[in-house]
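Please have a look at the sequence and the structure before I go on.

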Amino acid sequence: MSSTDTASLNNAPAIHAEQLCRHYRMGETLIRAVDGVTLTVGAGEFVALLGSSGSGKSSVLNLIAGLDRPTSGSVIVQERNLAQLSREELAKYRLHTVGMVFQSFNLIASMTLAENVELPMRFAEVDREKRDGLAREALERVGLQARMNHRPSELSGGEQQRAALARALINRPQLLLADEPTGNLDSHTGIEIMNMVRDFNQQLGMTVVMVTHERALAERYAQRLIFLADGKLVGSESNSAVFSHPETIMQARTESSHEAS
Amino acid sequence: MKLPDLTELALRNLRESVLRNSLTTIGISVGVASLVAMLSLGIGLQQLASRRLMKSGLFDTVVVTSRRDLRNFGREEERNGPAPAESRILDEPTRREIEHLPNVLEAYPDIRFITELRYEDKPHLTMVAALPPSAQTNDAFEAMQGHFFSSDTATEAILQKTFAEELLGKTPKAGVDETNVAELAAPLLGKELTMRYAQREAASTAPSKSANDKSTTPADQSLAGAAYSVVSREQKLKIVGVADLDPESMRGPTRARVFLPLKLAESLHVMQPTDLREISRVATDEPVYSSVSVRVKSPSQIKTVEDTVKKMGFNTFSILDASRSIQQFFKVLDVFLGIFGSLALAVAFIGIVNTLVMAILERRREIGIMKAIGASDGDVKRLFFAEAGAMGILGGIVGVALGWAIGQVINLGTNVYLKSQSFPPEHFWSVPWWLVAFAVVFSFLVSLAAGLYPAGRAARLDPVQALRYE
């Protein structure tokens, strides 16, 4: 990765949410899905959002992803306040800045893996000649080069999630947002996927925000755990167990940047 | 998203629900086909009618008669302008004057007379008419055996079919007309006819003024007390053609059964009924005509030419008004046929809306995914538009082909019927290239319009909601 990315890891925050609220009205009742959440995620950081069902963790992730707009408060990602972006600008933000993976993979069933991975590049108007090579490369990175022309239904859950990861990274976003990425996978496959996510975080310097309800998983991979309940931030702890030696991370990153160049 | 990508994705989506989209496209095709069928029927009928009528030479012709001829057309107009007795005479100088009017192609006298023709020493009485060289293009001579007059002064004759039958001693069967013109023509072409006629010969070349004449018209001042001799003459004519004319049809000069070249007929100075009427006025060698046919460059100029000739003091007749109401009839017919055709397309329109709205419901999650990975509202909207448009173009093309096929089948069927009723086959079905282009473009536009609402709805989908949808 470039030196500016490494610098941003230590300096500017990648994400800063301030008094973030997302309220829904359902009939007479007001549902406070996100209720005054303030959090900061550093560039290159791996953060896990933890909480039980309905705690608002997915809602926070959607707000960071630009899929949803806050009722009040602000989400600033790379110095842009998402709350103030137009629909068109939000789409561009999702296209170029964010990569998303979901619990249910969300690959388009009628398309082959290669086409699925290629799709964001179509929206980004990448030239057709370049697209094929890049899609192939991305699928090779997740070990699916042999399955390029298969449809999602012909693949296992783990393979589908790997394809989803390849798609999330195809436009080289700085932010990887994962919503329960292992929720539909067995533990062995889950670990395989999480190792990949960790590699992207460490080798490509991507900022990762992962929503999960499995504390063990979060503790194993995330640098920081943020706890939510009833739409409110209820705690945050650094995971010293994961990266007790920042030098090791730096070293890994430097090595990967050498490899890349 | 770039257009090729958009098209590719749209076509891929259409292929995914191939049955539903095919049915929708067939719906469009049927709509377009009915529109094309209706309009091409209208156009074909109109073309048939104008082909028939224009070629008959009636639509670009004004018939000019003198107001002195009380038996002729346009008597109601006598109330305007000079009284019949004081109006101008339709003579050769007048004919030339009319011929030099703007937009007039030619003005030729209507020379016709009833006379005796001898063929193989047997006399036959019939109407003889003179034809100008321009008559060659008249559709009456389309199916002619032999050829048109070799020159305008040739001593040649063209026979009408029924007269040819008479010459050969055949009796035409009543009702069904099955005579073969070629069979009739074979023994007659090249043979000689002898025409007996009454020639008008000027007796005096210097008319004197009558002392008793109190009239003030210029014609009267110079011409009085003149006289003709009427001499019986014979003229040999070579039969050069036998025309398959319909004797019942209203076709002006073609009601005669023997035709001569115009210049030849003029040079014969055949006694005309008008000569008798004007005997007290004209005694020169210059003929006086009962009527003059004026051919105008295009039917649109008929009115101005008619007005000018009327101002000159003559009566005129054209079937312009008839042609106008015919044109109006076809315009109305086209509109009605178009409306009926469009009804089917309106049903197809609703079909497209339905299909696309269903597709949104079905592909809701897919739309959510596309938005999550960076598709803009515009991308989603354009994708649905492209799908609607693709169905429209495809439906349009298939529809035009279908409409054309329906037309061909109906054309064929009707011609089989016409043949069974002993009518000649007709081509009353026409699919001009502009109709093909119009139908495809129209189908495309209608489909885009049908895609407007679904595309807008798909674009506005909330991605969070859409992703939650199973």
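Predicted model: local features only at pLDDT ≥ 70, side-chain atom pairs only at ≥ 80, totals over all residues.

Let me begin with S153(A), which sits in the loop between helix 5 (128–141) and helix 6 (157–169) of chain A, where helices (H or I, at least four residues) and strands (E, at least two) are DSSP runs, numbered from the N terminus. Residues are numbered from 1 along each chain as its sequence is written, and chains are lettered from A and ligands numbered from 1 in the order in which they are written.

Is S153(A) buried or exposed? S153(A) is exposed, because 9 other C-beta atoms lie within 10 Å; a residue is called buried with 20 or more other C-beta atoms within 10 Å of its own, exposed with 12 or fewer, and partly exposed in between, the C-beta atoms being placed from the backbone. The C-alpha atoms of S153(A) and L107(A) are separated by 9.5 Å, although these residues are 46 apart along the chain.

Now to strand 3 of chain A, residues 46–50, where 5 of 5 residues are buried. F46(A), A48(A) and L50(A) point one way from this strand, whereas V47(A) and L49(A) point the other way. Strand 3 of chain A pairs in the parallel sense with strand 8 (residues 207–212) of chain A over 5 bridges, pairing being assigned if DSSP finds at least two bridges between two strands. In strand 8 of chain A, V209(A) is the bridge partner of V47(A). With strand 9 (residues 224–229) of chain A, strand 3 of chain A also pairs in the parallel sense, over 4 bridges, and here L49(A) stands opposite I226(A).

Let me turn to chain B, and to how two of its helices meet. Helix 1 and helix 12 of chain B pack at an angle of about 65°, with their axes 8 Å apart; axes are lines fitted to C-alpha atoms, for helices over the stretch in contact, and angles run from 0 to 180 degrees between N-to-C directions.

Finally, the two chains touch: 16 residues of chain B are in contact with 19 residues of chain A, contact meaning that the C-beta atoms, placed from the backbone, lie within 7 Å. Helix 1 (3–16) and helix 12 (377–420) of chain B are among the elements that give two or more residues to that side of chain B.
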